[in-house]
Amino acid sequence: MTSTTPVRLLLFDLDDTLWDMPKTLAHAEDKWQQFMTERGYGELAQQYRKPRPPPPSLVPVPKAVAALDGTSGPAVPPVRLLLFDLDDTLWDVNRTLDLAERQWQELMRRWGFDEIADTYKNYRDLMVLIEAKRNEWSADYWESRRPYWNYCELRKHVYMDIIHHYLLQKGQYASEKDIASVAKTLSEESFQVWLSARHEVAWFEGAIVTLRAIKQRYPEILLGAVSNGTTDLDRIPEARGLFDFSMSALDANCTKPEPEIYLKAIKAADATPAIKPEETVFIGDDYLNDVCGPSKVGLRTIWMNAKRRPMTTVEPITGKTRPGFEGVADEDIKPTKTILDIRQLLDALDDLQASLAVVSRGYRVMVTRWCSGVSRIVDGQEGSEVDSERATEGKDEGQSRDIQEVDPMKVRLTAVPKPETGVARRSVEQALLDERRKKYMELYESTGIARYLPPKDPNSFLIEKERLSGTEQRAQRVFAFLPWLTFGIMLVAPYYGMKWALAKIDAQVAAEAAAAATEAQSEPRAIAEDSEHPLDSIGFRVMDYWALPEVLESPLPHLLVLYDNTYASTVFLPVLRSLAASLARATKGQMSTVAVELPKDEASKDLLKQYPRSRSPHIQFIVPRATSSGEAGVLDYGGRWNMQELVRTFILPTLLSRTAVTVAPERRRKLVQDAQHLDVTTANLWSDCLFTLRFMPRKTARNTPSWSVEDSLSLSLDEAVDRCRRELTEEERKCI
């Protein structure tokens, strides 16, 4: 006979055993909310009016329920590939493009295209033109075969159209062919400047850390980048090692949201076994390109909606629905997850992986809904839900159940107070201030301390008027605003001082210029030879060939003329002498023109092969300190012998882009007008006059006067014309 041990101790659970736990917690929450409201935390208590639901618990699916609900089946595939958009997903595209456009605008201004830089100050203005060009190319693609997906070519063509229109409007080139050639060259150079600045991206805070954390936590998942933009990840040092591969619209020959680009990106992952679309998650900021497009080919999506954009298929730039999405209404396609910051991506990915793992293992998530008091079982695979009391009989009765998705990330975000409102922070500060005020009032009630307490409003600048006498109020205003008045004077005084000084300097400069002009009119200016450096005097200089090292060592740019005893040299040397005076005036004495006779000795055979005497004169532009070693550079002019073309296509572009000399726009126009006047004089009078004097048979008995190159060197164009006409007879002058 066995003996039994008597029971001597009973252990009880308390919650939901001896009392009703939900009612107890509800009563405690009411008391807490009442206390918070009395303390000034009413807004904060309102946000937590209901207790948060308990964390999801994993319960096995009963076999009977699984059979009724149809949860048995193939497991949901895990995530094997993450595809990232770049612009406005990993970095701020507005700040990045603003920087690139500023670099492009500065280049336009250096080239003298101020009107272009002022017209296209905002990168959005250019994006409108680029999208219009893209739609144009896309419409006639099957006829022209122009790559509408290549945003590099689109931007180049937009640049070329802008510069071509500007040059055509200004009439700075002789022919349409020249304008097209110059516009193409300048657009290519300006695009390279823009592209270099485009890769100095403004990363979102935490973006790089998040990508590295994903690679560390999920080493089996591949990371790829898919973008319509022109970004090359190899040119961004911070992006190296973050992605396994990348694909641009240029690589895919199509753009988002076309289905081909997503499928080509999955194929580019080159995984074994091949990755399926349902095993891929696309992360991006654009609802059309990064949610609708991937969803149509079966990808899961995470929408990084940091800028709170609406769900719409309308393009933000053109304002029209993207072709192929006309039948899709706004918000018809929803992302799998939505995050508001790139730093939330890791949590969203954890939730997505957990939900996939739950479904594949045959589990369900039990969520207790406190607001309704009804517990529901949410099907992780099919998305159907049934009441827990009727889980085994719902399907037999044929009752329909509404599908409801449970997003743990959304629950977590909505449970956190919005930081931008600042309600909690302001309430705490106000409560501490009230508590401190009350304490001092109780301790020093009879001492009149209320007069010396801080203002009731912590952000107030002055003490309340009712606590101060009239004299104290005036003193408070004086001592409060005196520092601001002093600061304002410190800001304004230098401005007016500089304005006054600049006025005096301008007056002094004007007086000196007037005196110099008067002196120049009264007495001819002599060409002074400086013993140390004769090239410091500006104008038209004649030098020996062996003195050319002085030209190359000069800190000033020079226009070099290599001449010989030819008729062309005789004609154009007076023209170049007059042009040299205009250049000196336009550059304020920062450019000189030097004439050098070609050597005739045997030691200069190589030079004469390159610059033959019979084809003289030859024109070169000497650029000071053009190389890294400080040596001068030489540019040859190969255009027509036309002073206007020489100034527009050779002198001014070289002067503005390769030297430090600045020429004001009005001086540039004056220089072009002077060159045009020289061309007209040469064509209508000078060449005919000199030709008659040198080559035509004379009817007079006197000897034909000889006109040599030395005569052309010593005279300006107007002086040469006057002297030549004096040498002709009256009949010859009438003919000319």
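I looked up the sheet and found it open, with 6 strands in the order β4-β3-β2-β5-β6-β7 and parallel pairing. Strands are DSSP runs of E of at least two residues, helices runs of H or I of at least four, numbered from the N terminus; two strands pair if DSSP finds at least two bridges between them. At the edges I noted β4 (245-248) and β7 (337-339), each of which pairs on one side only. From one strand to the next, the twist averages 20°.

The model is predicted: local features need pLDDT of at least 70, side-chain atom pairs count only at pLDDT 80 or more, and totals for chains, interfaces and linings use all residues. Residues are numbered from 1 along each chain as its sequence is written, and side-chain values use heavy atoms, with hydrogens and water left out.

I then checked β6 (residues 300-304), which runs parallel to β7 and is joined to β7 by 3 bridges. M304 stands opposite I339 in β7. Helix α13 (residues 287-296) packs on the sheet, touching β5 and β6 (contact: heavy atoms within 4.5 Å). Its direction makes about 170° with that of β6; axes are lines fitted to C-alpha atoms, for helices over the stretch in contact, and angles run from 0 to 180 degrees between N-to-C directions.

Lastly, I looked up F461, which lies in the loop between α17 (423-443) and α18 (470-522). I recorded F461 as exposed because its relative accessibility is 53%, where exposed means over 50%, buried under 20% and partly exposed in between (1.4 Å probe, protein chains only).
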